[in-house]
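Q: Could you take me through this model feature by feature, giving the general idea before the particular case?

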Amino acid sequence: MEFAEGDLVTGCYPLCAVRILIWIISLALGLGGVPASAQEVSSPPPTQPANQVRPQAIVKRVATVPPTLPAVPCTNAPGLGPEMIVIEAGRFVMGSPSNEAGRLEQEGPQREIVVVRPFAIARCETTVAEFRAFVVATGYVTQAEAGDGCYVVSEAGTDIEQRKDRHWRDPGFPQTDAHPVVCVSWNDAVAYAEWLSRRTGQIYRLPTEAEWEYTARAGSAASRFWGDDLNAGCDFANAADQALKRHYPTSKGSFATCDDGTIYTAPVGRFKRNAFGLSDMLGNVWEWVRDCSADTLESVPAAGTAWEGPPGENCAWRVVRGGGWGGGPEDVRSAIRGRSAPSVATNSDLGFRLARNL
Ligand SMILES: [Ca+2]
Ligand SMILES: [Ca+2]
């Protein structure tokens, strides 16, 4: 799978449901992973201005050696901030080795990253209910609604199409309050984070790309937190699987041979968690991160902060991570890197989760 610089598409083995840019760069050798821990906790601030609400308390998590944890539904409370896990500072190897199956060249060269600052990250993807609370409170109109709509899967499941009548309220498949919000742009996600920050007095934001991969790996150097076998992933991630294949029998492309029971999005927290206790880091929906899109990992700051692009230039692309329900299971890996324009490339398998400063 190769796409020339400037092409807007694809990642889209089965359904072309995510429009990402693929770049071609040099290969790199593997370095191995360095596990780190998720730990302790902080609480909401001791004082709270009168016009702010108190966010949900952060849940204590302790690092575990087993690579996965049982599934636990998220208890995200709309308007109060998501359930979050504190991640301690630590180091890890970012990117994929040159022999990783499904690897894209922008996933290298592998870099040792030291995440200098502890932070908290949402245990689950942002839900429809949470996003609705923002819209109700502010009257916010997403860029898909204000513009030309969301990119969704065509009826045959063989292509994607932008439809003006598709947006986060109706992406073309059933979405309850517990499902991850989709069809939101990077700008929409940032607007949501800024609103929640104002409302709670905490600093909510998108995770940096390094923070995202650090927490997605949760100490694992394998391509996925459960190992390397995509066909063994149906307990851990909602990806393109046999349920999707049955629904779109004429669709070409690769599907996991297992059945995760979900055609489109799944309610957040339904699948087994990684060792840091996080749900759906891989699969379900792709997730926006803060960073401007760097062609290689060489540009990613070694301290785990965000790369904001070349000085003095506007950032034309923002990074998306983790794969989703409609993309190929090859994309459901800790190192996968896609990118999309921050304002227009909303998609029915693209959402986000928040991080929070401590
Ligand atoms: Ca699925
Ligand atoms: Ca995800």
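A: A residue is called buried if 20 or more other C-beta atoms lie within 10 Å of its own, exposed if 12 or fewer do, and partly exposed in between, with the C-beta atoms placed from the backbone. By that criterion, buried residues make up 54% of the 358 residues in the protein. Residues are numbered from 1 along each chain as its sequence is written, while chains are lettered from A and ligands numbered from 1 in the order in which they are written. This is a predicted model, in which local features need pLDDT of at least 70 and side-chain atom pairs count only at pLDDT 80 or more, whereas totals for chains, interfaces and linings use all residues.

Q: What is the mean pLDDT of the protein, and where does pLDDT stay under 50?
A: The pLDDT is the predictor's confidence in each residue, from 0 to 100. Its mean over the protein is 84, and 81% of the residues reach 70 or more. Two residues are in contact if their C-beta atoms, placed from the backbone, lie within 7 Å. Over residues 1-47 pLDDT stays under 50, and the model has 143 contacts beyond four places in sequence for them; pLDDT also stays under 50 over residues 60-65, for which there are 15 such contacts.

Q: How many helices and strands does the protein have?
A: Helices (H or I, at least four residues) and strands (E, at least two) are DSSP runs, numbered from the N terminus. The protein has 5 helices and 14 strands. Among contacts between residues at least 6 apart in sequence, 76% join residues at least 24 apart.

Q: In what order do the strands of the antiparallel open sheet lie?
A: Strands of a sheet pair through backbone hydrogen bonds, either parallel or antiparallel. Two strands are taken to pair if DSSP finds at least two bridges between them. Here 4 strands form an open sheet in the order β2-β5-β14-β8, with antiparallel pairing, and the edge strands, β2 (84-87) and β8 (204-205), each pair on one side only. Between β2 and β5 (residues 119-122) there are 4 bridges, with I85 partnered by I121 and V86 by A120. On the other hand, 3 bridges join β5 to β14 (residues 355-357), where the bridge partner of A120 is R356.

Q: Which residues touch the most other members of the largest nonpolar core?
A: A nonpolar core is a set of buried Ala, Val, Leu, Ile, Met, Phe, Trp, Tyr and Cys residues joined through C-beta atoms within 7 Å. In the largest one, which has 66 residues, I85, A120, I121, A189 and L206 touch the most other members. The largest share, 5 residues, comes from α3. A second, separate core of 12 residues includes I113, A210, Y214 and L297. Returning to L206, its contacts beyond four places in sequence include A189, W288 and F352.

Q: Is α4 mostly covered or uncovered, and what follows it?
A: The helix α4 is mostly covered, with 9 of its 9 residues buried, including E209, W212 and R217. After α4 comes A218, whose phi is positive, near 50°.

Q: Why does A341 count as partly exposed?
A: A341 has 18 C-beta neighbours inside 10 Å, and therefore counts as partly exposed. A341 lies in the loop between β12 (337-340) and β13 (350-351), and touches A316 and W317, not counting residues up to four places away in sequence. A341 and N187 are 154 residues apart in sequence, yet 9.6 Å apart in space, C-alpha to C-alpha.
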